[in-house]
Amino acid sequence: MILTITDETFTGEVIHKQEIEFETEVVTVQEIIEKRVIQEVEKYNSKAHDKFKGLVEPTQTEKTLNARQPKQRKLVDSEKQVYVALDAFKKNGFFVLVDNLQVDSLEQQVQLKAQTIVSFVKLTPLIGG
């Protein structure tokens, strides 16, 4: 099952769209966040000169170290980024909407359909890592 994920502003403007594939049609909100973050980190780590653009960003220290040594840039740790993203969700750092309905629990199950859209609405800049 392929899921469409969007990043939106608080006013509803879509600023980023991506697709994530799941093996099953029923997943939890936590699984959606984890898979999204892991996919973003893998994409970033596979490209030598891209700036990291994800749900949560590496710390300023990591950015500074990477900026000084672009040829030997440090890879972003996906496990650490998942932890930061899940913690940010718990602390209302961003909202998750499934088909325009807000979810409030990481354990909440989502029935995926071909037209399901999951939207992430960031409330504050997220820094982690």
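Analyst: Two strands pair if DSSP finds at least two bridges between them. Helices (H or I, at least four residues) and strands (E, at least two) are DSSP runs, numbered from the N terminus. The model is predicted, so local features need pLDDT of at least 70 and side-chain atom pairs count only at pLDDT 80 or more, whereas totals for chains, interfaces and linings use all residues. Residues are numbered from 1 along each chain as its sequence is written, and side-chain values use heavy atoms, with hydrogens and water left out.

User: In what order do the strands form the open sheet?

Analyst: The order is β2-β1-β7-β4-β5, with 5 strands and mixed pairing. At the edges stand β2 (14-21) and β5 (101-103); each has a single partner strand, so one side of each lacks a neighbour in the sheet. From one strand to the next, the twist averages 30° (axes are lines fitted to C-alpha atoms, for helices over the stretch in contact, and angles run from 0 to 180 degrees between N-to-C directions).

User: How many bridges join strand β1 to strand β7, and do the two run parallel or antiparallel?

Analyst: Strands β1 (residues 2-8) and β7 (residues 117-122) run parallel and are joined by 5 bridges. Within this pair, T6 stands opposite S119 and E8 opposite V121. On β7, strand β4 (residues 94-98) also pairs, in the antiparallel sense over 5 bridges, and there F94 faces K122.

User: How does one describe two packed helices?

Analyst: The description uses the angle between their axes and the distance between the axes. Here the axes of α1 (residues 29-46) and α3 (residues 78-90) come within 9 Å and cross at roughly 140°. That makes α1 oblique to α3 (under 35 degrees counts as roughly parallel, over 145 as roughly antiparallel, 65 to 115 as roughly perpendicular and the rest as oblique).

User: Which residues in α1 and α3 meet?

Analyst: V29, Q30, I33, E34, V37, I38 and V41 in α1 meet S78, Q81, V82, A85, L86 and F89 in α3, contact meaning heavy atoms within 4.5 Å. These divide into 9 nonpolar, 3 polar and 1 charged (Ala, Val, Leu, Ile, Met, Phe, Trp, Tyr, Cys and Pro count as nonpolar, Asp, Glu, Lys and Arg as charged, and the others, Gly among them, as polar).

User: How many salt bridges does a search of the whole structure find?

Analyst: Side chains of opposite charge can pair when their charged atoms come close. The search finds 3 salt bridges (a side-chain nitrogen of Lys or Arg within 4 Å of a carboxyl oxygen of Asp or Glu). One of them joins R36 to D7, with the closest N and O atoms 2.7 Å apart. R36 lies in helix α1 and D7 in strand β1, so the pair ties together parts that are 29 residues apart in sequence.
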